[in-house]
Amino acid sequence: MNKQILFLLRAYNDIDHMTPIIYKLNKDCPYINIKVLIYNVDEDYSEDYRIRFLDKLNIPVVHILKIVNTKILPVKIFLKSIKFIKFYNRYNPLRIIINRIFIIPLRKILIGKINKINPEDLINDIFTSNPNMIVFDQASNSFYNKLCHYSKKYKIVTVSVPHGHNTLANELIWSNSMDIAYNTSKVQRPTIYDYVIYENSIIADRYLKMGIVSKKQLRVIGSTRFSSEWIKIIDSILPNLHLPNLDNK
């Protein structure tokens, strides 16, 4: 009882992988206080059908920019501008001007503010006390590292779940990794999380062999988004798709 878990959603991939986990936890363990933090400067995901699904489950979703002190910064205009320029190709003069004059400079300011966030202040803005667990995607950045160091200090369990599927990928994933041994490839460092979840033993064995995880850290639980239970759920929440009619030409 009185357990608290924080999920960090960084990209669409993470929304796809973590939403079924959040749904299942909420269904089987309704006493757990689950909250979601959107960690993405360029997206708020408010219109995503899975985020709306979480909202219907009364799962609080907080955006990182709402925690940062951005009262004097036009955050809403910033996010709308990013959506606006996506309708134009990258060589469009209007897109280039808006990007260079407004979006890029403001993005640097916002990222700088996020990197200066004190983990304790962040946690206090979301929970009244430290959560028992923080769930990340399988990535590494300064913000994640800071949260992990804070978690180790206060004995908060850190877990990373899949960001994508690469079951059949070659072990030599990166173009400059002609040796799969960690010490010689120097591509990816050992993970900083307490536990790392994989969909199957093929992926888990590969990362174990590369020295990215240890046997103590890895867990294989199968795929969340391809489970039979979640497929039924997602089929019921998928929005209708209306494709435009093509003309004769």
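**A guided reading of the model**

Tyr39 is buried, its relative accessible area being 15%, where buried stands for under 20% relative accessible area, exposed for over 50%, and partly exposed for what lies in between, computed with a 1.4 Å probe on protein chains only. The model is a predicted one, in which local features need pLDDT of at least 70 and side-chain atom pairs count only at pLDDT 80 or more, whereas totals for chains, interfaces and linings use all residues. Residues are numbered from 1 along each chain as its sequence is written, and side-chain values use heavy atoms, with hydrogens and water left out.

Which residue does Tyr39 pair with, and how are the two rings set against each other? Rings of Phe, Tyr and Trp (its six-membered ring) are taken to pair if their centres lie within 6.5 Å, and planes under 30 degrees apart count as stacked, over 60 as edge-to-face and the rest as tilted. The structure holds eleven aromatic pairs. In one of them, the centres of the Tyr39 and Tyr144 rings are 5.6 Å apart and the planes stand at 45°, so this pair is tilted. The pair links distant parts of the chain, since Tyr39 sits in the loop between β2 (33–38) and α2 (49–56) while Tyr144 belongs to helix α7, 105 residues apart; helices (H or I, at least four residues) and strands (E, at least two) are here DSSP runs numbered from the N terminus. Tyr144 is buried as well, with a relative accessibility of 0%. The rings of Tyr150 and Tyr154, with centres 4.6 Å apart and planes at 45°, also form a pair that is tilted; Tyr150 is buried at 9% relative accessible area, whereas Tyr154 is partly exposed at 36%.

Strand β4 (residues 133–137) is mostly covered, four of its five residues being buried. Five bridges join β4 to strand β5 (residues 157–161), and these two run parallel; two strands are said to pair if DSSP finds at least two bridges between them. From β4 the chain crosses through helix α7 (residues 142–153) to β5, and this β-α-β crossover is right-handed, in the sense that, with the strands pointing away from the viewer, the path from the first strand over the helix to the second runs clockwise. Strand β1 (residues 4–9) is joined to β4 by three bridges, again in a parallel arrangement, and Phe7 stands opposite Val135 in β4.

The charged side chains come next. A salt bridge is a side-chain nitrogen of Lys or Arg within 4 Å of a carboxyl oxygen of Asp or Glu, and the structure holds eleven of them. One joins Asp16 to Arg50, with the closest N and O atoms 2.6 Å apart. Asp16 lies in helix α1 (residues 12–28) and Arg50 in helix α2, so this pair ties together parts that are 34 residues apart in sequence. Both ends are covered, Asp16 being buried at 18% relative accessible area and Arg50 being buried at 7%.

Lys86 and Glu43 meet in another salt bridge, at 2.4 Å from N to O. Lys86 is located in the loop between α4 (75–85) and α5 (93–115), and Glu43 in the loop between β2 and α2, so that parts 43 residues apart in sequence are tied together. In this pair Lys86 is partly exposed, with a relative accessible area of 48%, while Glu43 counts as buried at 11%. The side chains of Asp44 and Lys83 form a further salt bridge, with 3.6 Å from N to O; Asp44 lies in the loop between β2 and α2 and Lys83 in helix α4, so the pair ties together parts that are 39 residues apart in sequence. Here Asp44 is partly exposed at 25% relative accessibility, and Lys83 is partly exposed at 30%. Salt bridges that share partners also join Asp16, Asp48, Arg50 and Arg225 into one network.

Helix α4, which carries Lys83, can also be read face by face. Its buried residues are Val75, Phe78, Leu79, Ser81, Ile82 and Ile85. They cover an arc of only 155° around the axis, and therefore lie on the same side of α4, the arc being that of the directions from the helix axis to the C-beta atoms. The face turned away from this buried side carries the exposed residues Lys76, Ile77 and Lys80. What covers the buried residues of α4 includes α3 (64–67) and α5, where contact means heavy atoms within 4.5 Å.
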